[in-house]
Amino acid sequence: MFIVPMTSIMGTTGIGSVTGNPAATKAAATETGVAGDFQNILNDVINNVEETEAVTKVDAYNLSIGNMDDMHTMMINTAKADVALQTMVQLRNKVLEAYQTVMNTGL
């Protein structure tokens, strides 16, 4: 049974880079743009949720028809889907909180 690995929501460029070079990180962030980085992160999170949910549905189907004999794989994939969904919900909450803060400062 194939287990879908969870992908990181932080890329190798932009803010939060693991290269250790602040100048390269700043140059990459200004080159690609912060909006582009955020859009890529958001798309990655959404795709990760869709992929893990699809694998969970396939696992549930295979279990229901008797094609799956390793329950631990299904439980691992279900936990991954849950974590991916929680991450997306928390990201949405932070975006809404930031939007409300910006809207309140304009008044």
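Begin by selecting Val95, which lies in helix α3, the run of residues 71–105. The model is a predicted one, and the values quoted on this tour are computed from it.

Together with Val95 they make up a nonpolar surface patch with about 270 Å² of accessible area. Which helix supplies the largest share of this patch? That helix is α2, with three residues.

Now display α2 as a whole. Helix α2 contains 32 residues, and the distance from its first C-alpha to its last is 47 Å. This is close to the 46 Å expected at 1.5 Å a residue.

Keep α2 on display and select its buried positions. These are Asp37, Val45, Asn48, Val49, Thr52, Val55, Thr56, Asp59 and Asn62.

From that set, centre the view on Thr56, within the α2 run of residues 34–65. Its relative accessibility is 16%, and Thr56 therefore counts as buried, the cut-off being under 20%. Which residues does Thr56 touch, when those up to four places away in sequence are not counted? Select Asn77, Thr78 and Ala81 to show these contacts.

Notes. Residues are numbered from 1 along each chain as its sequence is written. This is a predicted model: local features need pLDDT of at least 70, side-chain atom pairs count only at pLDDT 80 or more; totals for chains, interfaces and linings use all residues. Side-chain values use heavy atoms; hydrogens and water are left out. Helices (H or I, at least four residues) and strands (E, at least two) are DSSP runs, numbered from the N terminus. Buried means under 20% relative accessible area, exposed over 50%, partly exposed in between (1.4 Å probe, protein chains only). Contact means heavy atoms within 4.5 Å. Patches are made of residues with over 30% relative accessible area and no salt bridge: like charges are joined within 9 Å, nonpolar side chains (Val, Leu, Ile, Met, Phe, Trp, Tyr) within 5 Å. Accessible areas come from the Shrake-Rupley method with a 1.4 Å probe; for residues, only the protein chains shown count as cover. A salt bridge is a side-chain nitrogen of Lys or Arg within 4 Å of a carboxyl oxygen of Asp or Glu. The expected span of a helix is 1.5 Å times one less than its number of residues.
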